[in-house]
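Me: I've got a structure open and would like to talk through it with you. Can we go piece by piece?

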Amino acid sequence: MIRYCTRCVMPETKPDLFIDEDGVCRACRNFDQRAGIDWDARRTELDQLLDKYRSKEGTNYDCIVPVSGGKDSTFQVIKLLEMGASPLCVTATTDDLAPIGRTNIENIKNLGVDYIEFSMNPVVRRRVNRLALDQVGDISWPEHVAIFTIPVRVAVKYEVPLIVWGENAQNEYGGPATAAQDKVLTRRWLEEFGGLLGLRTTDLSSQADIEPKHLIAYTYPTDEELSRVGVTGIYLGHFLPWDGMENARIAQEYGFIPYGEPVEGSIENYENLDNFQTGIHDYFKFLKYGFARATDQACLQIRRGRMAREEGQRLVRERDGRFPWSYLGKPLEEILAPIEVSLDEFTRICDRFTNKKLFLTDVGKRPCLRWLVEGMLIHKY
Ligand SMILES: [Zn+2]
């Protein structure tokens with residue numbers, strides 16, 4: 001049986017999540033610690049940092065802000081503009097951008113910022129999508145790499161040393177203590193926690209015969225380049241009390257558009273609206289670890305006292321782990337077509353990545369019909 005945090009609904013199967021002797025997970029403990037944080041002092045520290053990196057003569061940008069167009073990045077841009085910063089916003093385009101994601105990107109530009117969108121060679125990218133799905137069970141691997149490499153490459157090219165990231169996922173979601181306390185995103189963080197799953201960009205040229213010249217955008221700048229510009233990154237979530245729902249509310253006041261209903265596999269309508277492949281990514285997380293996005297979202301709400309744990313459990317059972325027949329209304333077959341994976345092939349890949357310690361599967365049929373949760377067998381399909 002899977003052990004769950006006794007406060008939120010996170011299972012111990014989450015990689016790097018530590019549940020202590022009282023049955024409480026690291027992410028809940030991190031959240032407790034927020035009560036003792038002097039946010040005024042942190043805000044002062046942030047002002048000082050921004051001031052230190054501000055372009056004194058106004059001849060360059062003050063900072064780079066990686067933006068996806070989502071509620072958090074909209075919030076980041078609003079806050080930085082409020083603080084008088086002049087940011088250069090950078091988007092690494094997602095694998096399969098949804099129209100609502102495009103609308104929200106346009107909205108960020110119209111907040112009044114300079115903006116760069118970097119699109120990688122789509123022919124190579126589709127090959128990488130397919131290869132990553134097949135080899136490490138993560139269709140979103142190229143996206144996870146690009147959202148970290150592109151802003152850093154832009155920082156080097158434009159010689160803007162400060163990168164302002166959003167939240168520290170290890171703090172909010174409960175990674176190792178040292179990573180959780182980090183306020184700086186480093187190459188080591190990317191390699192350990194950035195979602196590479198052991199597949200490195202260099203592997204793509206050796207294993208998949210993709211030439212290095214097509215992988216530039218997936219490659220982190222060299223240490224020499226980073227130190228020449230003095231590139232450093234901070235998490236805004238370290239300096240301001242970070243709350244996704246509140247960010248979404250503020251973002252909406254500034255033109256961010258949520259989805260019309262909770263997104264498939266989700267309990268919210270304001271998250272992950274920019275990539276049709278996200279449903280597949282989340283489903284594989286479920287197959288590997290027995291939980292997915294609804295669990296993550298329920299935990300955030302439970303910790304903030306906005307949802308009872310029982311309600312969270314109910315929503316998780318209802319939403320997590322549904323076969324991703326569609327995402328943002330687009331049918332799975334259409335999402336798979338560009339990467340030339342058929343439905344049959346897709347279910348075979350699902351089978352291969354299904355954690356047999358967590359799931360009972362019907363051999364030869366669709367995977368994950370039953371899920372063992374706290375002693376209950378639940379039909380998921
Ligand atoms: Zn917890």
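Me: Let's start with Asp20. Where does Asp20 lie relative to helix 1?

Reply: Keep in mind that this is a predicted model. As for Asp20, its place is in the segment before helix 1.

Me: Is Asp20 buried or exposed?

Reply: The cut-off for buried is under 20% relative accessible area. Asp20 comes in at 11% relative accessibility, so it counts as buried.

Me: Which side chain makes a polar contact with the side chain of Asp20, and at what distance?

Reply: Start with the contacts outside four places in sequence: Asp20 has Arg3 and Arg29. The side-chain to side-chain polar contact is the one with Arg29, at 2.7 Å.

Me: How many residues apart are Cys8 and Cys25?

Reply: Cys8 is buried at 0% relative accessibility, and Cys25 is buried at 0% too. Both sit in the segment before helix 1 (26-33), yet the pair links distant parts of the chain. Their separation is 17 residues.

Me: Now the largest nonpolar core. Which element gives the largest share of this core?

Reply: The core has 34 residues, and Trp141 and Ile150 are among those touching the most other members. Elements giving two or more residues include strand 2 (87-92), helix 5 (122-136) and helix 6 (141-158). With nine residues, the largest share comes from helix 6.

Me: Which residues does Leu204 touch, leaving out those up to four places away in sequence?

Reply: Leu204 is one of the residues that touch the most other members of the largest core. Beyond four places in sequence, Leu204 touches Val128, Leu131, Trp141, Leu199, Asp209, Ile210 and Leu215.

Me: How many residues are in the second, separate core?

Reply: In general, nonpolar side chains in soluble globular proteins tend to be buried together. This second core includes Ala98, Leu287, Val341 and Cys350, and its count is 29 residues.

Conventions
Residues are numbered from 1 along each chain as its sequence is written. This is a predicted model: local features need pLDDT of at least 70, side-chain atom pairs count only at pLDDT 80 or more; totals for chains, interfaces and linings use all residues. Side-chain values use heavy atoms; hydrogens and water are left out. Helices (H or I, at least four residues) and strands (E, at least two) are DSSP runs, numbered from the N terminus. Buried means under 20% relative accessible area, exposed over 50%, partly exposed in between (1.4 Å probe, protein chains only). A polar contact is a pair of N or O atoms within 3.5 Å; within protein, one must be able to donate a hydrogen and the other to accept it, and residues adjacent in sequence count only if both atoms are side-chain atoms. Contact means heavy atoms within 4.5 Å. A nonpolar core is a set of buried Ala, Val, Leu, Ile, Met, Phe, Trp, Tyr and Cys residues joined through side-chain atoms within 4.5 Å.
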